[in-house]
Amino acid sequence: MKELTIAMPKGRIFEEALVMLKQAGYKLPPEFDDSRKLIIEVPEENLRFILSKPMDVPTYVEHGVADLGIAGKDVMLEEERDVYELLDLQISHCYLAVAGLPDTKMNEVAPRIATKYPNVASSYFREQGEQVEIIKLNGSIEIAPIIGLTDRIVDIVSTGRTLKENGLVEYEHIVDITSRLIVNPVSYRIKHERIQEMVDRLDRIISKQSVL
Amino acid sequence: MSKLFMFEKPMGMRDTFPHLYKMKKNIRSKVENEMSAWGYQFLETPTLEYDETVGEASAILDQQLFKLLDQQGRTLVLRPDMTAPIARVAASKLLQDRNPLRLAYSANVFRAQQREGGRPAEFEQMGVELIGDSSVSADAETIALLVSSLKAAGLKDFTISIGHMEFVRQLFLQIVGTEDRSQQLRRYLYDKNYVGYRKHVESLPLSSIDKQRLMRLLTIRGNGSSIADARALLEGEQGTKPLAELQELIEVLQDYNVEDYVTIDVSLVSHMSYYTGVLFEVYADRVGYSLGNGGRYNHLLQKFGAGVGATGFGIRLDYLMEALSPQASEESSALILFSSERRKEAMELANELRAKSQSVISQDVRGVADVDRFTAQFKDVHWIVGQSGKAGGRA
């Protein structure tokens, strides 16, 4: 049985994905969740987990240092990596949206957008027939319209609370986001049986949950 | 932009150090011998081509082309692959009649990397083109030659996934009706976005049976019943010809005794429009990218004015080296250290050894800063120093 390396994003997606893997019958150690290690071996299942920043998961998978990964669709859209997107895990539901201060219009000459997702944002506005100037920020995107840096932001919204607390409103809904199981194209061929088994086991959990 | 440091190279450009050069040369000659043994003739084409001709015709995406202007203001490209230049030569010169032409190449090709490092922008590709033969035997021959070339290079574990563009196109056409919608579905497969494919199929106004047919396509893999399973997706005769070709291909590959290296994967779509029939990719353990790919491209020669079919493959030498991880061989040259009064004697010894195909360095001892460290690199050191008849001999 060939070892599988799985790149996992730290944080909320990790916890939800871990629950799914356990439900799918993978025996993972209980202290797994709060480990500070970056690489965790699970010899019982012949699995190896790499913990990384969410944005980096598709990079590891594309270069083949991880066979599989769990990545948000937002990251997939932004990074456009050459990997197979095999399964919608239906976890970490949220969406990408355009938001800004209430009752404001975008600057006509040079509309400015702050975002963590420059590719997604510029292609979205281009499709709307609008050329915008993207300002890339790495966090606390909501602050940009408040302090007058940009007219709008493009960011992930899950409950809408953060927007509300910062006095912003949503203008446009871009796309729904869930987490995906992604696979390196070579691993998909070379380790096909193990990967297909994992896909099938996870798929059963997903269908069971969507019935509930 | 900041000023460049003197050691910097353009992104993706790499040096080949002597030990790597040696390994590369070694692999190249093994593969070249194999291709020659199958009667493929090697040729060279220019590094620069016109964007309007070879650049446009090539399978490589426009954003990956290195472009520059010539004195007349025409756009040139650094060749991104060898198939299009060979199609140009074959169509305009070499293809005298319409009989099969077997050509091979080993050349550097150029593909710009926009995003990040980690992938070379210039790399050596080795491959063959079998032009003017549209039979399934031609497809099988290139696949069998790919297998034996990789084996000749010393690679043991690898898999070749084989698909058929025309099967996918006709199946989609049969179910969704128009070329546009069929292309949309192909785009999802090309993007490797199976989640998007399934969601798109769900959203189409089709019967549940037709949706099932489209969904099942993704699950058909492997040699056993793939072709029969794929046949079950079709209604009527449309689309059965490509499957008959795949069936024949497998039979020919069995006769070549290479069927263990191949696996059928009917959902493989490695380019949106370039390939017209059988297509394949080769994968090896330990390398995260495909080592090479190929297939039938019956429209390319047409673009250069010759209406004949062709098939072929290209192997990436850099990834092949990674897959082989060959051992660095030790420095095998002998060293002759001489002092000026015994120079003639040293030269004679050097010539004598070189005549026996031994590689020999002759080095004036006065030119060496640290003799101990220098000589330590060599196993075989001849000291021809001091007064003749005294001190000399071997260390």
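The following questions and answers concern a predicted model with chains A and B.

Me: In what order do the 3 strands of the open sheet in chain B stand?
Reply: The pairing in this open sheet is antiparallel. Strand 2 (48–50) and strand 3 (67–69) of chain B stand at the edges, each with a single partner strand, so one side of each has no neighbour in the sheet. From one strand to the next, the twist averages 40 degrees. The order of the strands is 2-4-3.

Me: Which residue is the bridge partner of Leu69(B) in strand 4 of chain B?
Reply: Strand 3 of chain B and strand 4 (residues 75–78) of chain B pair in the antiparallel sense, over 3 bridges. The partner of Leu69(B) in strand 4 is Thr75(B).

Me: Which element gives the largest share of the side of chain A that touches chain B?
Reply: In the contact between the chains, 16 residues of chain A meet 15 residues of chain B. The elements of chain A that give two or more residues to this side are strand 5 (84–88) and helix 7 (185–190). By class, the side has 8 nonpolar, 4 polar and 4 charged residues. The largest share, 5 residues, comes from strand 5 of chain A.

Me: How many of the 17 residues of helix 4 of chain B are buried?
Reply: Helix 4 (residues 136–152) of chain B reaches 24 Å from its first C-alpha to its last, close to the 24 Å expected at 1.5 Å a residue. Just after this helix, Gly154(B) takes a positive phi of about 105 degrees. Helix 4 of chain B is largely enclosed by the rest of the structure, because the number of its residues that are buried is 13.

Me: How far apart do the C-alpha centres of domain 1 and domain 2 of chain B lie?
Reply: The domain assignment of chain B gives domain 1 as 18–324 and domain 2 as 334–384. Between the C-alpha centres of these domains of chain B, the distance is 51 Å.

Conventions
Residues numbered from 1 in each chain as written. Chains lettered and ligands numbered in written order. Predicted model: local features only at pLDDT ≥ 70, side-chain atom pairs only at ≥ 80, totals over all residues. Pairing = 2+ DSSP bridges. Helix = DSSP H or I, 4+ residues; strand = E, 2+ residues; numbered from the N terminus. Axes fitted to C-alpha atoms, helices over the stretch in contact; angles between N-to-C directions. Contact = placed C-beta atoms within 7 Å. Nonpolar A, V, L, I, M, F, W, Y, C, P; charged D, E, K, R; others polar. Domains from an automatic or database assignment. Expected span 1.5 Å × (residues − 1). Buried ≥ 20, exposed ≤ 12 C-beta atoms within 10 Å, placed from the backbone.
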